[in-house]
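Me: I'd like to go through this model with you piece by piece. Could you look at it and take my questions as they come?

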Protein chains: 2
Amino acid sequence: MRSQPNGPRPTLEAVAALAGVSRATASRAINGGAGVRPVVRERVDRAVAELGYVPNSAARCLVTRRTGAVAVVIAEPESRVFSDPFFGRQLRGISRALAGADTQLLLMSVEGPADHDRIGRWLSAGHVDGALMFSLHRDDPLPALAERAGLPTVYGGRPDRSGAGRTPPPLYVDTDNRGGARQAVRHLLGRGRRRIAVITGPLDQTSAVDRLDGYRDALGTAEPDPRLIADGGFTAHGGERAMAALLAAAPELDAVFACSDLMANGALRTLRAHGRRVPDDVAVVGFDDLEPAAWADPPLTTVRQDVEEMGRLMAQLLLRLLDREKAGAADGPDAAPAPIVTEARLVVREST
Amino acid sequence: MRSQPNGPRPTLEAVAALAGVSRATASRAINGGAGVRPVVRERVDRAVAELGYVPNSAARCLVTRRTGAVAVVIAEPESRVFSDPFFGRQLRGISRALAGADTQLLLMSVEGPADHDRIGRWLSAGHVDGALMFSLHRDDPLPALAERAGLPTVYGGRPDRSGAGRTPPPLYVDTDNRGGARQAVRHLLGRGRRRIAVITGPLDQTSAVDRLDGYRDALGTAEPDPRLIADGGFTAHGGERAMAALLAAAPELDAVFACSDLMANGALRTLRAHGRRVPDDVAVVGFDDLEPAAWADPPLTTVRQDVEEMGRLMAQLLLRLLDREKAGAADGPDAAPAPIVTEARLVVREST
DNA sequence: ACGGCGGGTGAGAGCGCTCTCACCTTCTTC
DNA sequence: GAAGAAGGTGAGAGCGCTCTCACCCGCCGT
C-alpha cells in the first residue's frame, strides 16, 4: 500500500484507471465481485492494494441509502448509565458484534427533554440504519419517535406496554428478571429466612417491576407486607436510604433482596452502620453480578445476567433486522426476528 | 412539521421550491444565513419547518470533506476500559461536549493486533474528522498511525515519548499524576507513617510511571526500597496480589499508596484477609476517586481527578483543532492548542 | 451460416448537497 | 446623472460512488 501522506485520497476512478477497467467494473469487483471475470477482479484487487484505496463512505451512502452505522441511544437523566459498569459491559458486547459486521457505532446520549427533539430529528434524518435503545422509563418518548421515523430499533430491556397494539411489536433483549428474582427469594426462603424485604428499582421500568413480581411469586402472595418493600432507585445511595427505611418500618427483617448490586452495596453499608451482621442477622441478595457484587463485603450472593452477551444479542438482532429489510422485507415470516430473553442464574456467595 | 411516514425525505430542492428561492439560497439560509435577506431567510426557515427537512449528511459531507464526526478509539486488550467507571465517566464528558457542537461520536474498540490494520485503514479513510484516543501503552501503534493519516488527534493521558522529535507534538489531556501521587504520599507521611509501600499500574503507561515518580518525590529518594514496590496492573485482582506480595516482602509496612481505587480495593481485601486493620495497622490511599473509592470499606482516602471534565476538555481541544484546520491552519501560533494538565486533589476519608 | 442468448463490460445518469461565478439589484459617490 | 461599489441571488458544476441500460462478444441451436 503506497502511503499518501497528504495528497487527496485515491478515488474509484484512479483504481479503475490503474486496473484498466471502467469505474463500473471496479465498483463491482470491490463490492463482492459478482459478474466480474476472476482475472479482472484480481487486477482490480491489486490496484486497490497498490493505491491504498478506501471507498468514500459518504458517496456510497448517498447512492445506496444505507449508512452502515447504527445509533446507540442512552437516556441519560439516570446518570446511572455511565457510572454503572452495566452499561459499559453491554456496550462492549454491542461494539464487538457490530465491528464483526463492519458497522459503525454512533453513541448518543439524551440528557433531557430538550434533547429529545434534536435526537428525534436526527434519528429520522437517515444518519443511521437502525438504533439500539436502553432501559427506558414508561413515559419515554423515544420508542414512539423511533417507530414514527420507521427506524429499525432493538431495545435493551423490555419496553413498557410491549405489544399494546403497536403494529410491529417492539424487539428487545432482556434477562429473565422475574425468574431471577424468584430464584433469589427462594434461595433466601431455603436458608430459613422468613421476613424478607425487597429494595426495588424505579417502578416505571419493566425490569424493576418484573423483579418485584418475582419476589411476589416466591413469597406466594400478590400483596406482600408493604413495610417490607422500599424503592432504591437502582442507585447505591438509594439502596442505602431504602435499607434505612426498611429497618425503621420492619426492624425484625432477616433478609433483603436488593434488585441491583449497587443497591445491595448501599444496603450493606446501612446494615453495617446499624450493627446488623451479614449474613448472620440479615442475609442480602443482589442482582446483576457486576464488579460491585464480587467486591462487596461480604461478597454478594446475586443473580447473574450475562450483560455482555445481551449486548451482543441486541446488535445481532438489529443486524438481522437490517438484513431482512435490505433483502425485501416480507419473504415469509419464517425468519422474523423475535425478542430474546436470556437466563438469569443465582450465584451464591457469602452474604446469605 | 408535517410528518412523512414513509415517503422519501424532502430534499433541499423541495425546500427551495416551497420558499420560492433557488437551491443555493436555501442552502445559504440553512447554513448560517450569511448574505441572505432576513425576509428570505425567514421564508426558508418556514419551509424547512413545514416540510420537516433535515439535511442529508452524506451529501453534505461528500462536498465539504468534513464528516461532522469524531472517533473515540479505545484500546481494548485492557478490558479494564469497559468495566472501570473511569472510562464511562470520561465518555460522558466527551459525549456532552460533542453534542454541544453537533458532532457525532463514533465509538470503536481495538481488540487486538488484528484490528489495528482495520482501524488504521478506517481512520485514514476520512470517515471522521478527528480522533480521541486513550491511555495507550508504550508500544501502541495507534498514535503513529493517526499521525501518518494526518488525523487530528487528542489523547487521554500523556502519550509516551511525547515530544520526542515528532513534528507536531501530540495534544493530550492528563491529570497531574505526579503531583497527585506526591500529595497522597505526603499525606501518609504527615500521618506519621514511615514504611509506605506503593502498588503501581503497568509501567508502560505514563500515568503509572508519573504516579510512581510522585511517590519517589514525596519520599525524597530516587531509589526507594524495592521491597515496597509492586505492580498491580491497574486491576482489582492485581491490587489484591500486589498487596499480598508486599506483605510477604515487607511485613512491617504501615501504609500503602495504591495507584488506582480499584487496586486499593484489592489491597483492602488482602489486608482484611491477613487480619491487618485499616487504617490502624495499615493506612491506604487510592487514586481516581470513582465509585469504588466511596464504597470501599473503609471509605478510601484518594486522589481525585475530575474525569468527566477531562473528557470534556479532550473533546473541546479536538474541536478547536478542527476549527483551526478549517479556518486555514497557520494564522499565527497565538491560538495554537496546547496539552492540558488538570489538577489532582487529595480527598481524605477513613482509610488513613 | 445466421439469429438468438447470456454473461461481461462501459457509458452515463444521478444521489443531495455546497460553492464558484456571473448577474442583477440597489445604494453610494463625485 | 453616470460610474462604481456592495450585497443579494441563481445557474450549474461537481463531490465519489452505484446502478441501469445498452452494447459487445463468443457460444448455442437449427
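Me: What is the handedness of the crossing of helix 9 and helix 10 of chain A?
Reply: The crossing of helix 9 of chain A and helix 10 of chain A is right-handed, where left-handed means that the near helix is turned anticlockwise from the far one by less than a right angle, and right-handed that it is turned clockwise. Helices (H or I, at least four residues) and strands (E, at least two) are DSSP runs numbered from the N terminus. This is a predicted model, in which local features need pLDDT of at least 70 and side-chain atom pairs count only at pLDDT 80 or more, while totals for chains, interfaces and linings use all residues. Residues are numbered from 1 along each chain as its sequence is written, and chains are lettered from A and ligands numbered from 1 in the order in which they are written.

Me: At what angle do helix 9 and helix 10 of chain A pack?
Reply: Helix 9 (residues 177-190) of chain A packs against helix 10 of chain A at an angle of about 40°, and their axes are 7 Å apart; axes are lines fitted to C-alpha atoms, for helices over the stretch in contact, and angles run from 0 to 180 degrees between N-to-C directions. The two helices of chain A, helix 9 and helix 10, are therefore oblique to each other, given that angles under 35 degrees count as roughly parallel, over 145 as roughly antiparallel, 65 to 115 as roughly perpendicular and the rest as oblique.

Me: Which residues make that contact?
Reply: Among them are R178(A), R182(A) and R186(A) of helix 9 of chain A and D210(A), D213(A) and D217(A) of helix 10 of chain A, with two residues in contact if their C-beta atoms, placed from the backbone, lie within 7 Å. By class, the contact of helix 9 with helix 10 of chain A has 6 nonpolar, 5 polar and 7 charged residues, where Ala, Val, Leu, Ile, Met, Phe, Trp, Tyr, Cys and Pro count as nonpolar, Asp, Glu, Lys and Arg as charged, and the others, Gly among them, as polar.

Me: What does helix 10 of chain A lie across?
Reply: Helix 10 (residues 206-219) of chain A lies across strand 6 and strand 8 (255-258) of chain A, and runs at about 170° to strand 6 of chain A. Helix 12 (residues 261-273) of chain A also packs on the sheet, where it touches strand 6, strand 8 and strand 9 of chain A.

Me: And what's the strand order in that sheet?
Reply: It is an open sheet of 4 strands in chain A, in the order 7-6-8-9 with parallel pairing, and two strands pair if DSSP finds at least two bridges between them. Strand 7 (229-231) and strand 9 (283-285) of chain A are at the edges with a single partner strand each, so one side of each has no neighbour in the sheet. The twist from one strand to the next averages 20°.

Me: How many residues are in contact between chain A and chain B overall?
Reply: In total, 34 residues of chain B are in contact with 34 residues of chain A. Helix 6 of chain B supplies the largest share of the side of chain B that touches chain A, 7 residues.

Me: Which residues come nearest to DNA strand D?
Reply: Of the 26 residues around DNA strand D, the nearest are T11(A), L12(A), A24(A), S27(A) and A59(A); a residue is near a molecule or strand if its C-beta atom, placed from the backbone, lies within 6 Å of it. Helix 4 of chain A gives the most to this surface, with 5 residues.

Me: What about DNA strand C?
Reply: DNA strand C is surrounded by 26 residues, the closest being S22(A), T11(B), L12(B), S27(B) and A59(B). Here the largest share, 5 residues, comes from helix 4 of chain B.

Me: Last topic, the backbone: where is the cis peptide bond in chain A?
Reply: A cis peptide bond joins D297(A) and P298(A), with omega about -5°, and P298(A) lies in the loop between helix 13 (291-294) and strand 10 (302-304) of chain A. In chain B, the peptide bond from D297(B) to P298(B) is cis, with omega near -5°.
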